[in-house]
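Hello,

Here is the structure I said I would pass on. My notes on it follow below.

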Amino acid sequence: MDEKVLLVDDEGEFLDTLAERMRNRGMSVTTSMSAVEAIHKTEASDFDVIILDLLMPGMDGIQALKALKEKRPDLQVILLTGHATVQKGIEAMKLGAMDLLEKPADINELTEKIKKAKAQKMILVEKKAEKKIRDILKSKSW
Amino acid sequence: MKAKETVLQETGLQFFGQLSAAVSHDLKNVLSIINEKAGLLEDFCYMARQGRALDMERIDAVTAQVKDQVARADQIIRCFNRFAHSTDHPVAAVDLGETVTTLVRLAQRLLAGMEATLELQPIDPPVVITTRPLMVQELIWAAIQWTAAQRDGKKAISLAVERSGDGARVLIGRLDPLPGEGLEAVFRSATDAVREALGAEIHLDPASGMLRIDLAALAPPAG
């Protein structure tokens, strides 16, 4: 099954080229040039993973990660950054980012992380479904 | 209290570091684009080996885009080199228009982060003044940041440089609405040491809404 990816970066040419390469690898890719637009897109569609640039004008990657995780804790987010400081990495992980990759990124490494993110999301969705069924069973007298 | 010399060194280094970090980020972005374009060309080769026809026009387009990014990086490095050389002499004759143009080009990412765009007014004839090259940029940048911080959301900032007697005048704004009374005094005090070393005065003109920096011409270095 195709991985559904939302790619967010304010560099248009980077966004379009990486999106094309990911599509060449069978992924379904939606792009967004700002964090605010990305948040709207996650409200309208379901994504397996979001690739988010750390430093963007307006709302940056960390702020966007926080907002996304508050709304949808099961969302899998991978951060892309030009400046991978340890401090930012720790902050991102604490906020629930799945991983942090430094630019320029290797497409094979990124693809692996996307596959892992999708698997992780499926586990979370299954757990959620199991809990829902258990709750229904508990609430019924039969 | 810190000695003035120490304050000047610290703020100067902070300013240099801030600009350098922005430049390194811009260069990383250019490298990332080139990396993806090279990867895309590899993808085309792979697909051609699998029997798919090569789209030569597409290859030409991607190659041209790589060249554009190389030119972009070259432009960034040229500006950064000019900026780095502004530390060569503590006092020197400076073409303010050229200096401010370089500063604005280097600070594009920082300006975008503040949701600000900067419109540099045409400077004709050139305004050349004997001053402290790095410090004058530090003061102008501090004024741009301060102006941007006075307004929320997206903002367009105008910057003009003009001759004023033996010295020069830099106008930044416009501030609309005007900040609360005394706020420009806070900015003046924050840049106290730099202002004094440059022999500069800062005023907020309520009529035009422009922050005005009056720069005095310093004595040329001996020899």
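Packing rests on contacts, where two residues are in contact if their C-beta atoms, placed from the backbone, lie within 7 Å. Helices (H or I, at least four residues) and strands (E, at least two) are DSSP runs, numbered from the N terminus.

On provenance: this is a predicted model, in which local features need pLDDT of at least 70 and side-chain atom pairs count only at pLDDT 80 or more, while totals for chains, interfaces and linings use all residues. Residues are numbered from 1 along each chain as its sequence is written, and chains are lettered from A and ligands numbered from 1 in the order in which they are written.

Helix α5 of chain A

This helix covers residues 107–139, 33 residues in total, and reaches 48 Å from its first C-alpha to its last. That is close to the expected 48 Å at 1.5 Å a residue, the expected span being 1.5 Å times one less than the number of residues. Its buried residues are Leu110(A), Ile114(A), Ala117(A), Lys118(A) and Lys121(A). As background, an α-helix has 3.6 residues a turn, so residues three or four places apart point the same way.

Leu124(A) lies 9.9 Å from Pro73(A), C-alpha to C-alpha, although 51 residues separate them in sequence. Pro73(A) sits in the loop between α3 (61–71) and β4 (77–81) of chain A. Why is Pro73(A) classed as exposed? Because Pro73(A) has 9 other C-beta atoms within 10 Å.

The rest of chain A

Chain A has five helices and five strands, in the order β-α-β-α-β-α-β-α-β-α from the N terminus on. Its radius of gyration is 16 Å, close to the 14 Å that the globule rule gives for 142 residues, so chain A is as compact as a globular protein of that length. The radius is taken over C-alpha atoms, and the rule is 2.2 Å times the number of residues to the power 0.38. Along the principal axes, the C-alpha atoms fill a box of roughly 60 × 35 × 25 Å. Of the 142 residues, 37% are buried.

The five strands of the open sheet in chain A follow the order β2-β1-β3-β4-β5, with parallel pairing; two strands pair if DSSP finds at least two bridges between them. Strand-to-strand twist averages 20°. Five bridges link β1 (residues 4–8) of chain A to β2(A) in the parallel sense, and Leu6(A) has Thr30(A) as its bridge partner in β2(A). Across β1 and β2 of chain A lies helix α1 (residues 12–24), at about 170° to β2(A). Axes are lines fitted to C-alpha atoms, for helices over the stretch in contact, and angles run from 0 to 180 degrees between N-to-C directions.

Chain B

Chain B contains seven helices and seven strands. Its radius of gyration is 22 Å, well over the 17 Å that the globule rule gives for 223 residues, so chain B is more spread out than a compact globule. The C-alpha trace spans about 70 × 50 × 40 Å along its principal axes. Buried residues account for 31% of the 223.

Five strands of chain B form an open sheet, β2-β4-β5-β7-β6, with mixed pairing. The edge strands are β2 (116–120) and β6 (200–205) of chain B. Strands β4 (residues 155–164) and β5 (residues 167–173) of chain B run antiparallel and are joined by seven bridges; Glu162(B) has Arg169(B) as its bridge partner in β5(B).

The interface

How many residues of chain B are in contact with chain A? There are 16, and they meet 16 residues of chain A. On the chain B side, α1 (4–49) and α4 (108–113) are the elements that give two or more residues. The largest share, twelve residues, comes from α1(B). By type, the chain B side divides into four nonpolar, seven polar and five charged residues. Here Ala, Val, Leu, Ile, Met, Phe, Trp, Tyr, Cys and Pro count as nonpolar, Asp, Glu, Lys and Arg as charged, and the others, Gly among them, as polar.

Regards

Note on methods. Buried ≥ 20, exposed ≤ 12 C-beta atoms within 10 Å, placed from the backbone.
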